[in-house]
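Trainee: I would like to learn how to read helix packing and chain shape. Please show me the model.

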Amino acid sequence: MATTEEIRADLADIVNEVAGVDADDVQLDKSFVDDLDVDSLSMVEVVVAAEEKFGVTIPDDEVKNLKTVGDAVAYIERAQG
Amino acid sequence: MPSTRVVVTGLGTTSPVGGDVASTWQALLSGTSGIAHLTDEWVEQLPVRIGGRVAVEPSEVLERVKARRLDRSSQFAMVAADQAWADAGLDGAGLEPERLGVAVASGIGGVTTLLENYDALLQKGARRVSPLAVPMLMPNAPAANVSLKYGARAAVHAPTSACASGNEAIAMAVDLIRLGRADVVIAGGTEAAIHPLPMAAFANMMALSKNAADPTTVSRPWDTARDGFVLGEGGAVLVLESEEHARARGARAYAEVRGAGISNDAHDIAQPDPEGRGGTRAIAMALREGDVDPASVVHVNAHATSTPKGDIAEGLMLHAVLGQHVDRCVVTSTKSMTGHLLGGAGALEAVATVMALHDRVSPPTINLDDLDPEVELDIPTSRRDLPQGDIVALNNSFGFGGANVAVAFGSL
């Protein structure tokens, strides 16, 4: 099982690739929209890349609940569990 | 005669022979080919394995995250527009956004984005289709992205007329200014269609040359051994501006747009009218609109793509419109060096036409070893000086669907 920090670090790489955000800024307490300036289309790209990377499914209805990086990491941990 | 004079105040391009206007223009004057063997792995399955890739990859110029949201055709348009904007001195010029327009065309649109996403759909499923696919592949994406970057809030057009698209965008930009709908228009064309599907399609319709000789010798307009065009890619942009607006801000102008002509053959979806009647009308219209004396037309950047029929038809058009004056006219096909940029061609060739007037020199046509006896034109094979005084140069473009566009530029 990947640790929380491993998931965060891999997610940070995805956010960096898609939105150009410095990976070090992608911390658990950061909001995708308000802090990292990830727009809605980029968020879809992040989600799809995360699904592939972590082998999980993140339904569209769930995406709106993933407000922070921590929300996303927690969802991925549960889905992998 | 139209009352509003329109001038060219900025130029930009990324082409198979150079990453900007200066390098492209020097390459064209020195007769340098941008055609080479393609190195893509998919090329092995194709009957045609050469093309004119851009000399400088847009990834070397554009910010990575911005570039990944743009189809390659939009990337070329952005690179060219950034250059033209800077060249025109528009940074900090205080343009009214509502008076700034865009007319940037492509012939095929974001075809690589479309096809790569189709590959993703088939191989990985619907979930893997990019949410950016539509705004990336839509034909007005290059124009829309230029408008976003520079805050252009007048009309933003993307005319499509296949290989005449880039030239039609310039004609449309002139109209926008003369109709009072804009003071400044960022105008041009772009194409990124070096992909196995469009290449196979063009090859199967016998439009592309299948000549397996040295790639730099395959695009050979007007030569007896020509057997089709070579596909190129790239983009070019001109800043067009009302003379009054340019003068008020103290802008440097390269040339004036005297007039434009647009017509259609209504003859065949792909073949040109063998007598070139539609093209003749377009050229005559451009000269009439600009009140141009045919005797002052001393240079033509021809459409001449290196196809057997089209190159002959264009010669007939020039004879029909210019009459005896055609003897004083220096004709070139820069496609002999760049290949055919489809929707980008008319714009790149407009940049070359404007530079020819500005520097008073015509680029050569390369690979013209044996002039087709059916073509009676003066086509130098090395650069040729153009005369002093008030001179006019024509840029011709013709496209599938029967489109004919001619734009007449005048020296300043």
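This is a predicted model: local features need pLDDT of at least 70, side-chain atom pairs count only at pLDDT 80 or more; totals for chains, interfaces and linings use all residues.

Mentor: Residues are numbered from 1 along each chain as its sequence is written, with chains lettered from A and ligands numbered from 1 in the order in which they are written.

Trainee: How do I read two packed helices?

Mentor: Use the angle between their axes and the distance between the axes. Here, take α1 (residues 4-19) and α4 (residues 69-80) of chain A: their axes come within 10 Å and cross at roughly 120°. Axes are lines fitted to C-alpha atoms, for helices over the stretch in contact, and angles run from 0 to 180 degrees between N-to-C directions. Helices are DSSP runs (H or I, at least four residues), strands likewise (E, at least two), numbered from the N terminus.

Trainee: Which class does the pair α1(A) and α4(A) fall into?

Mentor: α1(A) and α4(A) are therefore oblique. Angles under 35 degrees are roughly parallel, over 145 roughly antiparallel, 65 to 115 roughly perpendicular, and the rest oblique.

Trainee: Which residues of α1(A) and α4(A) meet?

Mentor: Contact requires C-beta atoms, placed from the backbone, within 7 Å. From α1(A), Thr4(A), Ile7(A), Arg8(A) and Leu11(A) meet Val69(A), Ala72(A), Val73(A), Ile76(A) and Glu77(A) of α4(A).

Trainee: And chain B?

Mentor: Chain B has 13 helices and 14 strands. Its C-alpha trace spans about 60 × 55 × 40 Å along the principal axes. Among contacts in chain B with a separation of 6 or more, 80% join residues 24 or more positions apart.

Technical notes:
Two residues are in contact if their C-beta atoms, placed from the backbone, lie within 7 Å.
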